[in-house]
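Please open the model in a viewer and keep the selection panel at hand.

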Amino acid sequence: MKSARRRQSNWTAYAFLTPWLIGFFCLTLGPMLGSLYLSLTQYNLLSPPQWIGTENYRQIFTQDGTFTASLLLTFKYVFLSVPLRLMFALAIALALNKGIRALGIYRTVYYIPSLLGGSVAIAIVWRQIFDGSGALNQFLAWFGINGPSWISHPDYIVYTIVSLSTWQFGSAMVIFLAGLKQVPADLYEASQIDGAGKVKQFFRITLPMLSPVLFFNLVMSIINSFQAFTPAYVIGDGRGGPLDATMFYTLYLYLKGFSFFDMGYASALAWIMLVIIGAFTALVFLTSRFWVFYGDQEGR
Amino acid sequence: MNIKTTSADSSANASEMSRSRTAHRAVRLRALLKHIVIIGFGLLMLYPVLWLISSSFKPNQIIFSSPGLITQTWTFENYVNGWKGLQGVSFGRFFANSAFISVMSVLGNLVTCSMAAYAFGRLNFRFKGLWFSLMLVTIMLPYHVVLVPQYVIYSKLEWINTYFPLILPKWLAHDSFFILLMVQFIRGLPKELDESATIDGCSQRQIYFRIILPLLVPALISTAIFTFIWSWDDFFSQMIYLSDINLFTVQLGIRSLFDPSGQSDWGGLLAMSALSLLPITVIFLAFQRYFLEGIATTGLK
């Protein structure tokens, strides 16, 4: 009787799970193995894949200057935009915390960039604002500064894209705000009696108590930043220019796969990306036990 | 007791009060300053959006001559010109296409993610732990690692230049993030409800429809809003799978109007850009409460 019921439960559960299971096998696991296989072949979609072993990887690591350049550019972008975004998010969240009036309105205003920032429209706006004769330089001109064209100069365009990403700190800020609400007020009261100043309170109470949220934001920001595509595509010329200064890793992968139809090569690039993102995520996870404090455990 | 002390200490209180009043004024001044800084910085943050809206109403010749937001001459012409679209296909078509994709995606995610979430959150079955951890891993998987084979499959099925590649994944609960969101929500619901329903003779299917789904509504709303926005903005997939202009979405339409090397009709482009943000903004403002709480509790995006 019991086992019959159990079986019934198994059946129903798997019925509910069916769409996800089909998706998992056909859209995730299968394609993952597929791209691993394709990465070991030469494939242009028209003729069947030709096995070439690790040749794609050998080329990528030894002969492909664009790969190295795009990887370094993406690192630069990630290492600039993730800390900047989180710092702004934390700073504004701290300013908005502590029962400020009209919190709802401010939260909305600061969230709007995150809401709209992923669109092509905003990327185009960015291109205009940072253009040689755009709003930023007209503003700088009031102070007698003659700004360069931020989008056509290969040295500066990456900062234009970083600024677009930083601008979208609102979603991280909302998560920080929720985290700050969880910090018990008596911790601050007790430390105040002990004579701790604001700075000490921030480093001894706020930051440790917020570390799980910070950890979460950090992991998600890193994963998302590595995959940034639309801003590089629209703010640049769509082919990585000027002078490969917008050749983000995902853009390079896209061009290889869908412009040159070198799909084996693109798959190899995708697997390298997976390993790199996995390594960074693992690194953050591994270091987390030194700086992330959970629940009631004392932070020391 | 109060009355006694007030009469006795009244003289001492007077000086105390004036001192506390100055202190109070200083606190209020600081609060006011803080508000001014927050508002000022907020306006700076909104400037790009405001610039877009204001420029979309400026005549073409003066769009780039002044960065200011106020203009003397307002015109609707940009909207009229932009709406004409590309190659004889109007932006109305692009909006309809985007809306169709987004709505179908929302429906798919609501149905299939809630089903999977019910199984993970409430039912017991073999290998549950294994499936659940696999589901968690897929959340962090970069899209690019499945991109090429998915494209190959869709092209073998001759689904390029159809909406299937954009919509089908949502009907297969491919956005595992929403499964996790709903699982967490379902785990927070009292289990006694299911148990008493079972005693009353409800099957698991009936529990899903009659108990879990109605209580899941807040999570369903968050899912719907985020799915809508993400499919609306999903420029990358749309670009890969759609090249027929009749199937173009709003994002593709704007990107095609936009020519990086030189521009003929900036006004029309900016007008359509501003318009493309409208549906998202309206949905956000209408459902803000669910939206921001959804992010706060699950850490979406």
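## Chain A as a whole

Begin by selecting chain A, which has 13 helices and two strands. Its radius of gyration is 24 Å, well over the 19 Å that the globule rule gives for 300 residues, so chain A is more spread out than a compact globule. Note that the model on display is a predicted one. Along the principal axes, the C-alpha atoms of chain A fill a box of roughly 85 × 75 × 35 Å. Of its 300 residues, 40% count as buried. Among the contacts in chain A with a separation of 6 or more, 69% are accounted for by residues 24 or more positions apart.

## Annotated spans of chain A

Next, colour residues 71-284 of chain A, which an unreviewed UniProt entry annotates as "domain: ABC transmembrane type-1". This span is 74% helix and 0% strand, and its end C-alpha atoms lie 19 Å apart.

The UniProt record (unreviewed entry) also lists residues 12-38, 77-96, 108-129, 156-180 and 268-292 of chain A under "transmembrane region". Select two of these in turn:

- Residues 12-38 of chain A are 100% helix and 0% strand, with the end C-alpha atoms 37 Å apart.
- Residues 77-96 of chain A are likewise 100% helix and 0% strand, with the end C-alpha atoms 28 Å apart.

## Local stops on chain A

Select A:L45, in the loop between β1 (41-42) and β2 (50-51) of chain A. Most residues other than glycine have a negative phi. Is A:L45 buried or partly exposed? A:L45 counts as partly exposed because it has 15 C-beta neighbours inside 10 Å, whereas a buried residue needs 20 or more.

Move on to A:F261, placed in the loop between α12 (249-259) and α13 (263-291) of chain A. A:F261 is another non-glycine residue with a positive phi, here near 50°. With 13 other C-beta atoms within 10 Å, A:F261 is partly exposed.

Now select helix α9 (residues 185-193) of chain A. How many of its nine residues are buried? The count is zero, and the helix is hardly covered. After α9(A) comes A:G195, whose phi is positive, near 90°.

## Where the chains meet

Display both chains and select the contacting residues: 72 of chain A are in contact with 63 of chain B. Which helix of chain A gives the most to the side that touches chain B? It is helix α1 (residues 2-38), with 19 residues. By class, the chain A side of this contact surface divides into 50 nonpolar, 20 polar and two charged residues.

B:P142 touches A:F226, A:Q227, A:M273, A:L274 and A:I277. With 18 C-beta neighbours inside 10 Å, B:P142 counts as partly exposed. For a distance within chain B, pick B:P142 and B:A96: they are 46 residues apart along the chain, and their C-alpha atoms are separated by 29 Å.

## Chain B and its domains

Colour chain B by its division into domain 1 (2-57) and domain 2 (79-298). Four residues of domain 1 are in contact with four residues of domain 2. The side of domain 1 that touches domain 2 has two nonpolar, two polar and no charged residues.

For chain B, the "transmembrane region" spans in UniProt (unreviewed entry) are residues 31-53, 94-118, 130-154, 166-186, 207-232 and 266-287. Compare two of them:

- Residues 31-53 of chain B are 100% helix and 0% strand, and their end C-alpha atoms are 32 Å apart.
- Residues 166-186 of chain B are 81% helix and 0% strand, and their end C-alpha atoms are 28 Å apart.

## The nonpolar core

Finally, select A:M173, A:F176, A:L269, B:A116, B:I179 and B:M182, the residues with the most contacts inside the largest nonpolar core, which has 148 residues. Domain 1 (2-57) and domain 2 (79-298) of chain B each supply at least three residues to this core. End on B:M182, which touches B:C113, B:S114, B:A117, B:L216 and B:A219, not counting residues up to four places away in sequence.

Conventions
Residues numbered from 1 in each chain as written. Chains lettered and ligands numbered in written order. Predicted model: local features only at pLDDT ≥ 70, side-chain atom pairs only at ≥ 80, totals over all residues. Core = buried A, V, L, I, M, F, W, Y, C linked by C-beta atoms within 7 Å. Buried ≥ 20, exposed ≤ 12 C-beta atoms within 10 Å, placed from the backbone. Domains from an automatic or database assignment. Contact = placed C-beta atoms within 7 Å. UniProt positions renumbered as here; feature names shortened; annotations may be inferred. Helix = DSSP H or I, 4+ residues; strand = E, 2+ residues; numbered from the N terminus. Nonpolar A, V, L, I, M, F, W, Y, C, P; charged D, E, K, R; others polar. Rg over C-alpha atoms; globule rule 2.2 N^0.38 Å.
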